[in-house]
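Trainee: I have just opened this entry and would like a short tour. Could we begin with the rings?

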Amino acid sequence: MTITVKVIADSISPSGQRLSTMQLRYPRFIHAEFMTHRMFSRNASSSRAIPVERIIRDIQEDPAVPVHWGANQSGMQAREELDSEAKLLASCHWFDAMDDTIKQVQELVKLGLHKQVANRLLEPWSHINVVVTATDWANFFALRCHPDAQPEIQQLAQTMQHALLLSTPRLLVPGEWHLPYVEVDDYQEAVRYLQQGRVTRDMPSQEEVAHVLRKVSTARCARVSYLTHDGRKTTLVEDIELHNKLVEAEPLHASPAEHQATPDEKFTNVWANAQLHGNFVGWCQHRKMLPNEFVAG
């Protein structure tokens, strides 16, 4: 089983508001608990999008298993573990169930069943890749680093907390953008892209470049990767096309546009653009700047 955390963007505003983005990998069976934290912006790899054969290979190479084989008792927390012999037998049953399920899924695939259905049966042994961005982590760490939390999400939360402690945020001023998955060479590529077809070779403005890179970051957050599902690095044009497909859809698929943000200005105790913060504090969110972002229920 794998639980990994990588800080991929870490920024701080002149007013001291820190905005951090992490890429996570953890067992899918704790994903519902992770999703209860509403201060987070997040996107995750989808069972509907990944080929069945790839998920089977992934769980055979790195199956999700409990980190704590809790003994049955009343209440939500399993304080004591099974004894060593029972733990060994329990793990054998866990893997037997996985092998049996893989065989059933392979039979379903032979019948022509789509991956969005067949892959659901594989989820108990699957991992999920998630990109998460937030300004406020305190409630999550208080609840999930606590001994009462399920051991797997406790381990995830502790690893995330440690990663943030080791990371140094970069100071951004209003107009500069927090852009997960955007690297130095992407800036150069964006400039070349904008110069194509221009009569003059004038350098594009900072805002023109930022506009392109917001699209690139949005697309990569939607994929939770720089890469396609087949492991190939995307081109800037492919990222722009995916962004446009997401934000021009009806209804709008806007969640990947929540991770990009620029610092807001604060006057005394009032933010200049509080309506653009979304679930952040002190940062204007890319999503809130999109046309038709709000759909009334």
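**Aromatic cluster and sheet**

Mentor: One aromatic cluster is formed by Tyr26, Phe34, Phe40, Trp137, Phe140 and Phe141. The model is predicted, so local features need pLDDT of at least 70 and side-chain atom pairs pLDDT 80 or more, while totals for chains, interfaces and linings use all residues. Residues are numbered from 1 along each chain as its sequence is written, and side-chain values use heavy atoms, leaving out hydrogens and water.

Trainee: How many aromatic pairs does the structure hold?

Mentor: It holds nine. Rings of Phe, Tyr and Trp (its six-membered ring) pair if their centres lie within 6.5 Å; planes under 30 degrees apart are stacked, over 60 edge-to-face, and the rest tilted.

Trainee: Why is the pair of Phe34 and Phe140 edge-to-face?

Mentor: Their ring centres are 5.6 Å apart and the planes stand at 80 degrees, so the pair is edge-to-face.

Trainee: Is Phe34 buried or exposed?

Mentor: Phe34 is buried, at 0% relative accessibility. Buried means under 20% relative accessible area, exposed over 50%, and partly exposed in between (1.4 Å probe, protein chains only). Phe140 is also buried, at 1%.

Trainee: Turning to the sheet, what is the strand order?

Mentor: The open sheet has five strands in the order 3-4-2-1-5, with mixed pairing. Strands are DSSP runs of E, at least two residues, and helices runs of H or I, at least four, numbered from the N terminus. Two strands pair if DSSP finds at least two bridges between them.

Trainee: Which strands stand at the edges?

Mentor: Strand 3 (41–44) and strand 5 (170–171), each with a single partner strand.
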